[in-house]
Amino acid sequence: MDHHPAEALRWDPAGTEHFTGDVWFGPMAVPEQPDDLNVLGVLFAPGARTHWHTHPGGQVLYAVSGAGRVGTAAGEVVTLGPGDVVETPPGELHWHGAAPGSYLMHLSITHHGATEWTRKPVTDTDAG
């Protein structure tokens with residue numbers, strides 16, 4: 001068994017290359033191979049969000065705290081709160097982040113390769 005106390009977890013700024021606003025990452029499970037399961041804690045400041053992206057093996061988002069939004073290229077935007085789960089199928093172009101006025105922490109669960117970024121920011125109109 002490996003125990004990682006909360007105070008020992010490292011949270012790093014995500015940077016601005018693929019995100020709008022302040023975002024931090026905290027690895028929960030580090031894959032041994034590039035296609036292995038990747039579990040990442042992600043904390044978004046109010047209104048912060050990803051840029052448009054896809055995942056080769058799909059993605060599961062589990063909202064831990066706060067309020068967030070997830071949107072697709074088809075224009076669908078859903079609001080999520082603690083305990084909500086959003087599944088995006090392999091290759092679906094989407095974005096996610098915190099709702100205005102709220103932080104969001106979610107777990108991101110992916111496998112079968114790295115995130116594929118479009119480098120296109122999500123506009124305020126896209127974010128609803």
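**View 1. Tyr62 on strand 7 of a predicted model.** Tyr62 has 35% relative accessibility, so Tyr62 counts as partly exposed (buried is under 20% relative accessible area, exposed over 50%, partly exposed in between, with a 1.4 Å probe and protein chains only). You'll find Tyr62 in strand 7 (strands are DSSP runs of E, at least two residues, numbered from the N terminus). This is a predicted model, where local features need pLDDT of at least 70, side-chain atom pairs count only at pLDDT 80 or more, and totals for chains, interfaces and linings use all residues. Residues are numbered from 1 along each chain as its sequence is written, and side-chain values use heavy atoms, leaving out hydrogens and water.

**View 2. Strand 7 meets strand 10.** Strand 7 (residues 59-66) and strand 10 run antiparallel, joined by 4 bridges (strands pair if DSSP finds at least two bridges between them). Gln59 sits opposite Thr88 in strand 10. Strand 10 (residues 85-88) has Val86 and Thr88 on its covered face, with Val85 and Glu87 on the uncovered one. In a regular strand, side chains alternate between the two faces of the sheet.

**View 3. A ring cluster around Phe19, Phe25 and Trp117.** Ring pairs link these three, Phe19, Phe25 and Trp117, into a cluster (ring centres lie within 6.5 Å, using the six-membered ring of Trp; planes under 30 degrees apart are stacked, over 60 edge-to-face, the rest tilted). Phe19 is buried at 6% relative accessible area. Phe19 and Trp117 pair edge-to-face, 5.5 Å centre to centre with 65 degrees between the planes. Phe19 lies in strand 2 and Trp117 in strand 13, so the pair ties together parts 98 residues apart in sequence.
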